[in-house]
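Keep the 3D view open as you read.

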Amino acid sequence: MSKGRNRRAFWLRQLHQWHWISSAICLIGMLLFAVTGITLNHAAEIEARPKVTERQAVLPPALLPAPASRPAGGKAPLPPETRDWLAKELDLALDQRAAEWSGDEIYVALPRPGGDAWLSIDLQSGAIVHEVTDRGWVSYLNDLHKGRHTGAAWIWFIDAFAVACLVFCATGLLLLKMHAGHRPATWPMVGIGFAVPAVLALLFVH
């Protein structure tokens with residue numbers, strides 16, 4: 001076998017290896033993003049029925065921040081002992097999440113994929129209101145697609161998934177190139193895949 005054939009066989013093995021590995025890594029994520037691409041595109045046609053749940057409690061007077069310890073304005077996390085009490089009584093993990101402090105109330109926004117939530121604490125009475133809005137699993141998956149209120153771990157997953165998709169596409173393109181001599185329709189099909197979205201974007205997207 002000539003050196004040229006040896007080199008070609010080597011690169012074919014490498015490309016097939018990287019192609020199937022990246023496709024296996026991408027498979028579930030690509031299915032998720034393809035399905036949610038459809039649901040996002042028809043979001044106005046998919047009826048959502050938000051479910052709102054409200055819980056109330058009273059913060060013990062000893063845990064109410066003293067006036068001298070309250071921030072002058074703007075945002076600051078709740079005191080550690082208040083966060084510990086909320087975690088125990090209401091199963092709320094606030095960590096170092098910033099709260100909005102006003103003269104008579106603390107407000108904590110708790111956005112989440114597929115819904116919304118918030119917490120308020122009355123600084124006079126200690127009355128707590130915690131409200132959660134759930135817009136359903138379709139909205140949840142749509143927010144995963146957009147990386148909306150999903151946290152750092154999911155954002156890192158999306159980045160890793162995007163890299164795996166790039167590897168999958170790049171190795172697929174190189175494999176197309178190596179097999180194109182025996183498949184005359186290869187480049188016309190690639191050209192159609194480029195031309196159709198380009199024409200649609202230029203003529204119909206405004």
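**Helices first, then strands**

In this predicted model, helix α1 (residues 3-41) packs with helix α4 (residues 152-179) at an angle of about 140°, and their axes lie 7 Å apart. Angles over 145 degrees would count as roughly antiparallel, so α1 is instead described as oblique to α4. If you look at how the pair cross, α1 passes α4 in a left-handed crossing. And what kinds of residues make up the contact of α1 with α4? By class, there are 19 nonpolar residues, eight polar ones and one charged one.

Now turn to the strands, with β4 (residues 105-109) as your guide. Its side chains alternate along the strand.

On one pairing, strand β3 (residues 98-101) runs antiparallel to β4, and two bridges join them. Y107 of β4 is the bridge partner of E100. To get from β3 to β4, the chain goes through a hairpin of three residues.

The other pairing is with strand β5 (residues 115-122), which also runs antiparallel to β4 and is joined to it by five bridges. Here E105 has D122 of β5 as its bridge partner. The hairpin of β4 and β5 has five residues between the strands, and in it G114 takes a positive phi near 80°.

Methods: Residues numbered from 1 in each chain as written. Predicted model: local features only at pLDDT ≥ 70, side-chain atom pairs only at ≥ 80, totals over all residues. Heavy atoms only, no water. Axes fitted to C-alpha atoms, helices over the stretch in contact; angles between N-to-C directions. Helix = DSSP H or I, 4+ residues; strand = E, 2+ residues; numbered from the N terminus. Parallel < 35°, antiparallel > 145°, perpendicular 65-115°, else oblique. Left-handed = near helix turned anticlockwise from the far one by under 90°. Nonpolar A, V, L, I, M, F, W, Y, C, P; charged D, E, K, R; others polar. Buried < 20%, exposed > 50% of the residue type's maximum accessible area, 1.4 Å probe, protein only. Pairing = 2+ DSSP bridges.
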